[in-house]
Amino acid sequence: MLTKRVIACFDVIAGRVTKAQQFQDNIDVGPAEELAARLYDDQIDEIIFYDITASAERRKIDLETVRRVARQVFVPFTVGGGIRSLDEMFEVLKAGAEKISVDSMAVRDPDIIRQGAEAFGRQCIVLSTQMKHVGTRPGIPSGYEVFVDGARRATGMDAIEWVQQGETLGAGEICVNSIDRDGTHSGYDLRVTRAVADAVNVPVIASGGAGTVDHIAEGLTEGGASAAIISSILYSPRLERNLGVREIKEGLAARGVPTRPWVD
Amino acid sequence: MIDVIDYRAGNAPSVIYALERLGLPSRLASTPEQVAAAERLILPGVGSAGATMASLRELGVLDALSARVRGDGVPFLGICIGLQVLFERSEEGDVRGLDWLAGNVRRFPDSQRVPQIGWNAVRPVRAHPLWAGLPSEAHCYFVNSFYAVPTDPADVLATTEYGVEFCSIAARANVVATQFHAEKSGQLGLRLLANFASWDGSSSC
């Protein structure tokens, strides 16, 4: 049986992992490759790496750090941040990533999803979306709106319509980032996660808000997600106590959520 | 020395990094001369069967690959799309494969989320040097929308379930291939790569 995935998310600034709250006030956690090596030893299922300032600074992604992390992890590795062309996707894959995450750039140019899927296969393209609850209104029938540029800019696009368009264009996975819950340790936004999981037939990743094992379990059951992104719970200095991957997975097993078994 | 075939849609760097971690000498190969001289070959793969076949054709390595693997019998490992292109034909874009193994490649039923992405249980159906020291069930990392259906059941070395039971490792003589990404399947995947590196190409343990 296919198991649920626990994914560690790195928000990287200048080669270092940071931790934000609602997409702001990033505090330093440590060098990306050191954290990657530690999490690989701890048997994390996957790592997602966002170069979070590349897009705003209008520069290319930090390939050197991508390469350094890729040398440490022999589990899947997704990279995103400011990727705007097929050539840039190619460079990131050649640096050792398996999957490319597109977000704000895909909103500006949705065709990048189609081009990426055609060149590298659907499984290579993760459509990551920043969603905020704004209430049902004309143009936003689901009540969730898509935001871009580090949650700073509203797009007027409905979140559910956007992920369906993304799936049609060729996205192989949809990552649902709740702006309201990001870094709050109050649990994923289960309502929008479930709505996305029901609206598409590709795997859905829950993101934003996990602070306890219960939250992760909820995202993977009630939320309908195939994978859960965690970061605070692993290493946020804002939490009194961080958990290891093994502890998290044992907690999930106890709640009836199967994940990749521990390998001695 | 392991030659890892490098083509545009491939993820050869990930395979090279994994071999580096194991301390195994490897290099990228993208010319017919390199392939013809290889002692041991890995065909990694992401993307689609059609794009992979087109890339290999463009590099001009198809004949050298067949001669070296089918003719000279050097040990060969295909990964993911590198497994799917070994068969006669893929439903994905109705593409002709290398035709080293009899059978076809089909799409998963839509009753499941497609692509399959994640860690799934691999269960070998017989002993093989590739699986030496590995448990009777191991979770490995899969990313695939299509799966191979070998005509000869003897070509199936391991199976996995995703809506259907499918062939997750194919093996015939000096050719082995994993549908999962061995280079991304943690320490068990690395063990499999190490086994491949010391394999003489025969199927006896």
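Me: What covers the buried residues of helix 1 of chain B?
Reply: In this predicted model, the buried residues of helix 1 of chain B include B:Val15, B:Ile16 and B:Tyr17. Part of their cover comes from chain B, namely strand 1 (2-5), strand 2 (26-29), strand 3 (41-43) and helix 6 (186-197). Chain A also takes part in the cover, which includes its helix 2 (63-70) and helix 3.

Me: Why is helix 1 of chain B largely enclosed by the rest of the structure?
Reply: A residue counts as buried if 20 or more other C-beta atoms lie within 10 Å of its own. Helix 1 of chain B spans residues 12-21, and its buried residues include B:Ala12, B:Pro13 and B:Leu19. The helix is largely enclosed because the buried residues number eight of the ten.

Me: Which helices of chain A each supply at least two residues of the side that touches chain B?
Reply: The contact between the chains involves 32 residues of chain A and 33 residues of chain B. On the side of chain A that touches chain B, 16 residues are nonpolar, eight polar and eight charged. The helices that each supply at least two residues to this side are helix 3 (86-94) and helix 5 (111-120).

Me: At roughly what angle do the axes of helix 6 and helix 7 of chain A cross?
Reply: Helix 6 of chain A covers residues 159-169 and helix 7 of chain A covers residues 190-199. Residues making their contact include A:Ile160 and A:Val163 of helix 6 and A:Val192 and A:Ala195 of helix 7. The crossing is right-handed, and the axes come within 10 Å and cross at roughly 35 degrees.

Technical notes. Residues are numbered from 1 along each chain as its sequence is written. Chains are lettered from A and ligands numbered from 1 in the order in which they are written. This is a predicted model: local features need pLDDT of at least 70, side-chain atom pairs count only at pLDDT 80 or more; totals for chains, interfaces and linings use all residues. Two residues are in contact if their C-beta atoms, placed from the backbone, lie within 7 Å. Helices (H or I, at least four residues) and strands (E, at least two) are DSSP runs, numbered from the N terminus. Ala, Val, Leu, Ile, Met, Phe, Trp, Tyr, Cys and Pro count as nonpolar, Asp, Glu, Lys and Arg as charged, and the others, Gly among them, as polar. A residue is buried if 20 or more other C-beta atoms lie within 10 Å of its own, exposed if 12 or fewer, and partly exposed in between; C-beta atoms are placed from the backbone. Axes are lines fitted to C-alpha atoms, for helices over the stretch in contact, and angles run from 0 to 180 degrees between N-to-C directions. A crossing is left-handed if the near helix is turned anticlockwise from the far one by less than a right angle, and right-handed if clockwise.
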